[in-house]
Amino acid sequence: MQPSSRIACVLALGAFGLTGCASSQPATTTESFGFSLVQRSTLRGAQLWVDLGCAACHSTNGTRGVGPTIRGLAGSRVRLRTGRTREATSRFLREAILGRPGTQVRGYPRNAMRESIGRARRLDRTDVQGIVDFIESVR
Ligand code: HEC
């Protein structure tokens, strides 16, 4: 295992109780050091989640913060500011992270995500996907 991966794993375990760090889940594609590509992407996402300050407003344990918790978010139905609801698919999550129209969540401050969206837009696709994978791992 590369030192950076080990750090990410410890970080993810410590901060989020992320499962799958010990490769207990079946891996579709396995790197030589035992992490699947999805697991690596998830760990990268966890690292970005912390580094970019997302955790300041979004809990991983179900507690409401400045923003909605990400616990159980994936696959749930999100009520939007417009009154519509959307299923929190990977696509929705990616769009929300990038601040696309039609992703603003009802009942939360309107512009709180602005700075984070600016940061997220400077990430490459792989990193954004990592954050999506991370969010989807928080059940
Ligand atoms: C200053 C507080 C704040 C920070 C920091 C922040 N967010 Fe948010 N976020 C919010 C708020 C408030 C909402 C709900 C209102 C909206 O949709 O804009 C939200 C909504 C979201 C949603 C949609 C959630 C749902 O329930 O559908 C996602 C996904 C998200 N943020 C991801 C991120 C990511 C990734 C980062 C870090 C790069 C981040 N946020 C940083 C406040 C924040």
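I read along the sequence and found the pattern α-α-β-β-α-α-α. That gives the protein 5 helices and 2 strands. For my own reference, helices (H or I, at least four residues) and strands (E, at least two) are DSSP runs, numbered from the N terminus.

Two reminders before I go on. I am looking at a predicted model, where local features need pLDDT of at least 70, side-chain atom pairs count only at pLDDT 80 or more, and totals for chains, interfaces and linings use all residues. Residue numbers start from 1 along each chain as its sequence is written.

**Entry: burial and contacts**

I looked up burial next: 27% of the 139 residues in the protein are buried. A residue is buried if 20 or more other C-beta atoms lie within 10 Å of its own, exposed if 12 or fewer, and partly exposed in between, with C-beta atoms placed from the backbone. Then I checked contacts, where two residues count if their C-beta atoms, placed from the backbone, lie within 7 Å. Among contacts between residues at least 6 apart in sequence, 56% join residues at least 24 apart.

**Entry: α2 against α5**

Two packed helices are described by the angle between their axes and the distance between the axes. I found helix α2 (residues 37–51) packing with α5 at an angle of about 95°, their axes 7 Å apart. The axes are lines fitted to C-alpha atoms, for helices over the stretch in contact, and angles run from 0 to 180 degrees between N-to-C directions. The two helices are therefore roughly perpendicular to each other. On the α2 side the contact includes Val38, Leu48 and Trp49, and on the α5 side it includes Ile131 and Phe134. By class, the residues of this contact are 6 nonpolar, 6 polar and 3 charged. Here Ala, Val, Leu, Ile, Met, Phe, Trp, Tyr, Cys and Pro count as nonpolar, Asp, Glu, Lys and Arg as charged, and the others, Gly among them, as polar.

**Entry: α3 against α5**

I turned to helix α3 (residues 90–97) and helix α5 (residues 125–137), whose axes come within 10 Å and cross at roughly 120°. That makes α3 and α5 oblique to each other. Ser90, Leu93, Arg94 and Ile97 of α3 meet Val128, Ile131, Val132, Ile135 and Glu136 of α5. I noted 6 nonpolar, 1 polar and 2 charged residues in this contact.

I also picked out Arg125, which is found in helix α5. Is Arg125 buried or exposed? Arg125 counts as exposed because it has 8 C-beta neighbours inside 10 Å. Arg125 and Arg94 are 31 residues apart in sequence, yet 9.5 Å apart in space, C-alpha to C-alpha.

**Entry: around the ligand**

I found 25 residues surrounding the ligand, and the closest are Cys54, Cys57, Gly67, Tyr108 and Ser116. To be near, a residue needs its C-beta atom, placed from the backbone, within 6 Å of the molecule or strand. The elements that give two or more residues to this shell are α3 and α4 (114–121). The shell has 19 nonpolar, 5 polar and 1 charged residues.

Note on methods. Parallel < 35°, antiparallel > 145°, perpendicular 65-115°, else oblique.
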